Amino acid sequence: MKTVKIEQQFKQSADEVWAIFSDVTRCDWVPAVEKITLVGDVRSFDMAGLGEVQERIVLLDDEQRKLQYSVIKARSVLEHHLATIHITAAGEGCHFYWETEIAPDEYAPAIEQGMQSAFAQLQKMLA
């Protein structure tokens, strides 16, 4: 199993950054996704190049500012996928942490590329 991590300090407050992720249907920080729908704890979207993707929201904790989700349907057959986004206060700003566990390992580069693309979009939004 591979693990991909992204960490960054932001000048915005933890609550301000968390607002982006606490709305699990918000997609303006994810390139190539125009709309996300949520039915129960499953969010669905179409992603350019990947087709339909479904993710189960495993944890959405506003108090801890923590989101966990797992891909349950995609064109690629994943044995394991668990992503965690955690926002914590750090001085006047916040610390952003995003980790994804992936198996089989061969899918890690594609998932890392997607994470980097989404993170770059997030940075632009927060600039």
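Which residues lie nearest the centre of the largest pocket?

1. Basis of the note. The structure is a predicted model, and residue numbers run from 1 along the chain as its sequence is written.

2. The sheet. Seven strands make up an open sheet, arranged in the order β1-β7-β6-β5-β4-β3-β2 with antiparallel pairing. From one strand to the next, the twist averages 20°.

3. Strand β5 (residues 66-73) and strand β6 (residues 80-90) run antiparallel and are joined by four bridges. Within this pairing, Gln68 stands opposite Thr84 in β6.

4. The helices. Helix α1 (residues 14-22) lies across β4 (51-61), β5, β6 and β7 (93-103), and its direction is at about 155° to β6. Helix α2 (residues 108-126) also packs on the sheet, where it touches β1, β6 and β7. The direction of α2 makes about 10° with that of β1.

5. The largest pocket. This pocket has a volume of about 710 Å³. Its lining consists of 32 residues, and those nearest its centre are Met47, Leu50, Glu55, Ile111 and Gly114. At least two lining residues come from each of β3 (42-47), β4, β5, β6, β7 and α2. Helix α2 gives the most to the lining, with seven residues. By residue class, the lining of the largest pocket comprises 22 nonpolar, seven polar and three charged residues.

6. Aromatic pairs. The structure contains seven aromatic pairs. One of them is formed by Phe10 and Phe96 in an edge-to-face arrangement, with 6.0 Å from centre to centre and 75° between the planes. Because Phe10 belongs to strand β1 and Phe96 to strand β7, the pair ties together parts that are 86 residues apart in sequence.

7. The surroundings of Glu101. This residue lies in strand β7. When residues up to four places away in sequence are not counted, Glu101 touches Met1, Lys2, Thr3, His80, His81 and Leu82. Glu101 and His86 are 15 residues apart along the chain, and their C-alpha atoms are separated by 15 Å.

Methods
Predicted model: local features only at pLDDT ≥ 70, side-chain atom pairs only at ≥ 80, totals over all residues. Heavy atoms only, no water. Pairing = 2+ DSSP bridges. Axes fitted to C-alpha atoms, helices over the stretch in contact; angles between N-to-C directions. Contact = heavy atoms within 4.5 Å. 1 Å grid on protein atoms, 1.4 Å probe; cavity = no way out; pocket = protein on both sides within 12 Å on 5 of 7 lines; lining within 4 Å. Points joined across faces, edges and corners; volume = space filled by probe spheres on them. Nonpolar A, V, L, I, M, F, W, Y, C, P; charged D, E, K, R; others polar. Phe/Tyr/Trp six-rings, centres within 6.5 Å; stacked < 30°, edge-to-face > 60°.
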